[in-house]
Amino acid sequence: MRAGRLIKKASLCMVSFLLVMPASVNANGVQVAPGDLPESKFLFDTGVRVNRIELDSQSAEGSFTIDLNSSDYSTVAPASKLLNKLEELLNSEQLHSNERIEVSIMLNYDAGISKEEFVKREAELFKGNVTDLNGFGGYNFLASLTPDQIGQLLKYEEVSSISTPDDVVSVYGEPDDIQSEIYLNGATEMTGINKGRSDYGVTGNRDGSSAYSKNDSVIAIIDTGIDGGHVDLSGGKVIGWKDFINTSSTSAYDDLGHGTHVASIAAGTGAGDPGIQTGVAPGAALVGIKVCSTNTSCLTQNILSAMDWAIANKDTLGIDIINLSLGSPGAASPNFCSRVATAANNGILTVVAAGNTPGGSNYGSLNHLAKCPGVVSVANVADPYEGGWYLNPSSNRGSGNVGPSLAAPGTAIRAARANSTNEYITYTGTSMAAPMIAGLAALMLHASNGSLSYDFKIEDYGMTGYDKVYGNGLILGHQSIKAAAGSSSGSFNNYRTHIRAQTNIAANNVNLYTIKVDSIDAYFANTLIINEESGADLDLYVWRPGVEPIQNGELRLDLASYSSTGFLPQETISFKPMVTGNYTIGVLAYNSGTYALDWSGQISLP
């Protein structure tokens, strides 16, 4: 057990991206034809104030550091056997002492007694009130009990936890409807991870042996399982296995597919497509922990027991990193946070997906598992091969001063398809972004020769500094590995420029910016992040070179080549330019708000 204090911090230094602030503003008023506005949107007045904003630049860099060497969680409250959902139910309902409610009972995985034996032994307590002995896995069953019986059951040392049957979470990645031909190495190339592996000679194979072992960087995947028969994950890569669904299984498998995809992003060898489908840390070893019976039935009690099992097997299996690409929105769970703290005290880093909302996320949707001190929670961005850099609109957002830790590629990621031997499938989600960071942490551990101070280098996106959308910013893989190696040599260039703006806007105003596109070979990504959680409505427009947005005293929205006019706190326009030159970008405000604009591509200030 290590003593000290966990350090989780962000700092700013110098780096080569552009943060642009208004240098001067020229304002005048124009008219907008109501017919040019999107359906269901109305301005308070057809007269609009036009602000032409000139931009200048300054540069900065960020770091997000979690130091497990100096962690001390001795003050963290111990985990409770009575989980939040059941406790809230018991506190909110006026239950009579003889009134029964259905509960989910989890036995300790090392209790030395099966659930069948436990129910038989405690027949007087249950008295035929077991409603589902199968439950959600090998250590779980359901029963209808009175509050007094629940209190009595909590006293048994064999009982790990008691909750409600609906205390489940889901995986955070789904197969894409259209299977992309962009491969895994596109994301690892654009983050600089590929070059970082080459420049600093790291793969996660820390002992240099051809056999996987606890002496390598070891990542535990708590998920739907791992298909150890896929060529990218075979050859003894899965050095440990625990199944909370089917306790009789002795070797890794995945009947659902999500965990296999996640595992191959983190540490797949790419043997089925060498050099193309290689995971982030191909030399790292894996531990599979199955907790999901379906993609939408990952029992919270299974997850908590999986965390306990991973911590207990830290020394036996050498587990360094835990990846959880599953969850649900909600308040932070004290029971999960307690286990994150215990893991950190034992030198284990916990990486969690920030979560997704199909169709686009709103503020307050952040995964509840991502809200614990000491976790690294990961938002989903599209890399330049997928039209980025931009935040995937489905990536869940925090609220107040709570958000994800950082962002990584998770859009259209092609990785191992379970039960296919050597095929691949494309998924999108923060489920895919999280193992990017888990794999990177494995490389950093290799580069630093085992240092538990993880200094992630980031590029600030969205609102300046830490925000509830991107967190500290977009991961810089090469720079993170370089810092872990303590090297002063080596560099990386993804040949994309990032320009940023941030300002307030009043209702019935339009802010116009000019960005020069220097090449048609790269996507030009425009991302508007609206900071108001109350729902300020701002729209985004792009006019191609040679088209003047203001003509004869009118704002010509109808002449814009591209527009994004939704109602969520993000508008995104990404396209392959047909011509170079000066593009005009407009932000139209239906009510007042604060926003950040990020541009990415082969671009510059005019």
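Student: Which strands each supply at least two residues of the lining of the second largest pocket?

Tutor: Keep in mind that this is a predicted model. Strand 9 (168-171) and strand 10 (174-175) each give at least two residues to that lining.

Student: How many residues line the second largest pocket, and which are the closest to its centre?

Tutor: Start with the space itself: the second largest pocket holds about 370 Å³. Of its 17 lining residues, the closest to the centre are Glu174, Asn356, Pro358, Ser394 and Thr428. Sorted by class, the lining has 10 polar, 4 nonpolar and 3 charged residues.

Student: Which element gives the largest share of the lining of the largest cavity?

Tutor: Helix 8 (residues 300-312) does, with 3 residues.

Student: On to rings. What describes a pair of aromatic rings?

Tutor: Two things: the distance of the centres and the angle of the planes. In this structure the count comes to 15 aromatic pairs. One of them is Tyr562 with Phe575, which is stacked at 4.0 Å centre to centre and 15° between the planes. This pair links distant parts of the chain, with Tyr562 in strand 32 (residues 562-564) and Phe575 in strand 33 (residues 570-575), 13 residues apart.

Student: Is Tyr562 buried, exposed or partly exposed, and what about Phe575?

Tutor: Go by relative accessibility: buried means under 20%, and exposed means over 50%. Tyr562 comes out at 29%, so Tyr562 is partly exposed. Phe575 is at 5%, so Phe575 counts as buried.

Student: Which residues do ring pairs link into a cluster?

Tutor: Have a look at Phe118, Phe126, Phe141 and Tyr156, which ring pairs link into a cluster.

Student: And where do lysines lie over the face of a ring?

Tutor: Lys242 lies over the face of Phe244, at 5.6 Å from the ring centre. Lys468 lies over the face of Tyr363, at 5.1 Å from the ring centre.

Student: What does Leu286 touch?

Tutor: Leaving out residues up to four places away in sequence, Leu286 touches Ile219, Ile221, Ile226, Leu233, Lys237, Val238, Ile239, Gly240, Ala263 and Ala267. For a sense of spacing, Leu286 and Ser297 are 11 residues apart in sequence and 23 Å apart in space, C-alpha to C-alpha.

Student: Where is His478, and is His478 buried or exposed?

Tutor: His478 is in helix 12. Its relative accessible area is 1%, so His478 is buried. Not counting residues up to four places away in sequence, His478 touches Thr191, Gly192, Ile193, Lys195, Gly196, Asp199, Tyr200, Gly490, Ser491 and Phe492.

Student: How about Tyr495: what is its phi, and where is Tyr495 placed?

Tutor: Tyr495 also isn't a glycine, and its phi is positive, about 55°. Look for Tyr495 in the loop between helix 12 (477-485) and strand 26 (497-505). Tyr495 has 58% relative accessibility, so Tyr495 counts as exposed.

Student: And which peptide bond is cis?

Tutor: Check the one from Gly388 to Trp389: that bond is cis, with omega near 10°. Trp389 lies in the loop between strand 19 (375-382) and strand 20 (390-391).

Technical notes
Residues numbered from 1 in each chain as written. Predicted model: local features only at pLDDT ≥ 70, side-chain atom pairs only at ≥ 80, totals over all residues. Heavy atoms only, no water. 1 Å grid on protein atoms, 1.4 Å probe; cavity = no way out; pocket = protein on both sides within 12 Å on 5 of 7 lines; lining within 4 Å. Points joined across faces, edges and corners; volume = space filled by probe spheres on them. Helix = DSSP H or I, 4+ residues; strand = E, 2+ residues; numbered from the N terminus. Nonpolar A, V, L, I, M, F, W, Y, C, P; charged D, E, K, R; others polar. Phe/Tyr/Trp six-rings, centres within 6.5 Å; stacked < 30°, edge-to-face > 60°. Buried < 20%, exposed > 50% of the residue type's maximum accessible area, 1.4 Å probe, protein only. Lys NZ or Arg CZ within 6 Å of the ring centre and 35° of its normal. Contact = heavy atoms within 4.5 Å.
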